[in-house]
Amino acid sequence: MAGNGDQWLADLLYRWEGGQWALRDAWWTSHVIHRGGKNLSTLAALLVMLALLRACVDARWKPLRLPLLYLLLAVGLSTGIVALLKSMTQMDCPWDLQRYGGLRPFIGLFQPRPVVLGHAACFPAGHASAGYGWVALYFFALRLRPHWRWPALAAALATGLVFGLSQQLRGAHFLSHDVGALAMGWTVAVLLYLLMFPPAKHARRAEGQA
C-alpha cells in the first residue's frame, strides 16, 4: 500500500479488462466465487458448530471438544474483527475511485477522510477473510492429526487466495486488503491457540507422561 503496489496491480487488471471492471458482475466472480464462497464458508462453520454440539453430548467425541471450540472461535473472531475494521478504516474499493472510473479520490489508510465523501468499508477484505479465517485449521490439525496441518493450511490459503483474487478482478479490493485479511486471520489463530493451549501446560503434561 505504501509503495503504490496496490495501484500497480489494479492498473494491470483494469487495463487487461479493457479499461473497465468487466468481471464485476460476471457469473463466475459475483455468483459462484463471491456468493457461493460466502455460503460455503458459512456452511463449514455450521458443520463445525454441529460437530461441537455432538462432542458435548457424546463422550466418544470428548477429545474433539476443545479443538472444535478453538476452530469455531478462531474463524468467528477473525472474520468478525475484519468486519469491524472495515467499518473503522474508511477506505474505498477500487471501483469507487476516479482512477478506475469511479467518483471518489483515493484517501490513504491514515489520511483524514472528508465527510462529504460518505462512508466506505473496503479494508481489510471481508470476502477474503471468509477463506483466510480458516488458517486456524493448521492448529486444529496440529492438535489432532499433526501430519495434516500443512495440507489444512494450504487448503485455507488457497481458498482465501481464490476469494481475494476474484474480488480484485471485480474491482472490489486491492491486494493489501487481502493481505490485511490474511494477517488478521493468522494473528487471531496464533494468539487464540496460545491462549487455549498454553505451551507450559503441554510441557507439564509431557513431563507427567515421561
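Let me start with Gln90, which is partly exposed at a relative accessible area of 22%. On this scale, buried is under 20% relative accessible area, exposed is over 50%, and partly exposed is in between, with a 1.4 Å probe and protein chains only. Before going on, a word on the model: it is predicted, so local features need pLDDT of at least 70 and side-chain atom pairs count only at pLDDT 80 or more, while totals for chains, interfaces and linings use all residues. Residues are numbered from 1 along each chain as its sequence is written, and side-chain values use heavy atoms, with hydrogens and water left out.

Back to Gln90. This residue sits in the loop between helix 3 and helix 4. Helices here are DSSP runs of H or I with at least four residues, strands are runs of E with at least two, and the numbering goes from the N terminus. Gln90 is not a glycine, yet its phi is positive, at about 55 degrees. Asn4 is another non-glycine with a positive phi, about 65 degrees. Asn4 belongs to the segment before helix 1, which covers 5-16, and is partly exposed at 49% relative accessibility.

How many disulfides does a search of the whole structure find? The search finds one, where a disulfide is counted as a pair of cysteine sulfur atoms within 2.5 Å. In general, a disulfide is a covalent bond between the sulfur atoms of two cysteines. Here Cys93 is joined to Cys122, with S to S at 1.6 Å. Both Cys93 and Cys122 lie in the loop between helix 3 and helix 4 (126-132), so the pair ties together parts that are 29 residues apart in sequence. Cys93 is buried at 9% relative accessible area, and Cys122 is buried at 3%. Cys56, by contrast, is partly exposed, at 48%.

Next is Phe123, in the loop between helix 3 and helix 4. Phe123 is buried, with a relative accessible area of 13%. Which residues does Phe123 contact, leaving aside neighbours within four places in sequence? They are Met1, Leu85, Lys86, Thr89, Met91, Leu109, Ser176 and His177, with contact meaning heavy atoms within 4.5 Å. Gly102 is 21 residues from Phe123 along the chain, and their C-alpha atoms are separated by 17 Å. The peptide bond between Phe123 and Pro124 is cis, with omega about -5 degrees. Pro124 also has its place in the loop between helix 3 and helix 4.

Ser176 is buried at 13% relative accessible area. Not counting residues up to four places away in sequence, Ser176 touches Met1, Asp6 and Phe123.

On to helix 5, residues 137-144, whose buried residues are Tyr138, Phe139, Phe140 and Ala141. These buried residues pack against helix 3 (65-89), helix 6 (149-170) and helix 7 (175-196).

Last, the surface. Leu40, Leu43, Leu46, Leu47, Met49, Leu50 and Leu53 make a nonpolar surface patch of about 690 Å². Patches are made of residues with over 30% relative accessible area and no salt bridge, joining like charges within 9 Å and nonpolar side chains (Val, Leu, Ile, Met, Phe, Trp, Tyr) within 5 Å. A salt bridge is a side-chain nitrogen of Lys or Arg within 4 Å of a carboxyl oxygen of Asp or Glu. Accessible areas come from the Shrake-Rupley method with a 1.4 Å probe, and for residues only the protein chains shown count as cover. Leu50 is in helix 2, residues 27-57, and counts as exposed at 54% relative accessibility.
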